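Please examine the sequence and the structure shown below. The paragraphs that follow lead through the charged side chains and their pairings.

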Amino acid sequence: MGAYVPPHKRTVRRSNHITHSNKSASSSNSNSSKSSIEKRVVVRRKVMVIPYAGRRVLMVRDRGTGEWGFVSGGVKRHEKHAEAAVRELREETSDLLRDLRGLQKETAFDTWYRTKAHRANDDRKGERVRSEYRVFWVRVDPAVLDRLPKAFAPNEEIVELGVGEYHRFAPRWELCDSFVDSVADFRTL
């Protein structure tokens, strides 16, 4: 029996290994042998929260990358998706938004997207990560939404809150762009 792996980091059983062929780093001729690197597929549970009023959304600017994105983060082992969504909302807005009151709907999507830094870390671990997102659409009173950026105090993770139409924010997190471009619901807000 192997070591315990938390549910949010478990390997996908139906595709335990993905084999990638790469040229051997030690060989320099064109007849070089190929080496196989086996990566185990890991599934991570994630949440994304989209507070909105009409066509305007709340965006957060990440301290590390400077990119704008939706409130998002991982689901801890003991958490339900809604609990993780509330925790992330509170953490990333410095406790200005505290619950999912106004929840209009939930959607979900899966992605293989990883930042370059995360991919490098995954490669070191011999993993390929698939993220399963649950998205919470939360309608917020427009007056409340407008007050958030002024009342916000930067925290460890987020340096700024912004409110406006999605495409006015730049630079944006690539994953959010992909989500917005592919979800018809977003265009109908």
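A residue is called buried when its relative accessible area is under 20%, exposed when that area is over 50%, and partly exposed in between (1.4 Å probe, protein chains only). The model is predicted, so local features need pLDDT of at least 70 and side-chain atom pairs count only at pLDDT 80 or more, whereas totals for chains, interfaces and linings use all residues. Residues are numbered from 1 along each chain as its sequence is written, and side-chain values use heavy atoms, with hydrogens and water left out.

The structure contains 16 salt bridges, a salt bridge being a side-chain nitrogen of Lys or Arg within 4 Å of a carboxyl oxygen of Asp or Glu. One of them joins Arg-87 to Glu-79, with 2.7 Å from N to O. Arg-87 counts as buried because its relative accessible area is 16%. Glu-79 is likewise buried, because its value is 9%. Both residues belong to a network of salt bridges that also links Glu-88 and Glu-91.

A further salt bridge is formed by Arg-44 and Glu-127, whose closest N and O atoms lie 3.7 Å apart. This pair links distant parts of the chain: Arg-44 lies in strand β2 (residues 34-53) and Glu-127 in strand β7 (residues 127-139), 83 residues apart. Strands (E, at least two residues) and helices (H or I, at least four) are DSSP runs, numbered from the N terminus. Arg-44 and Glu-127 are both buried.

Arg-114 and Asp-122 also meet in a salt bridge, at 2.8 Å from N to O. Arg-114 is buried, as is Asp-122.
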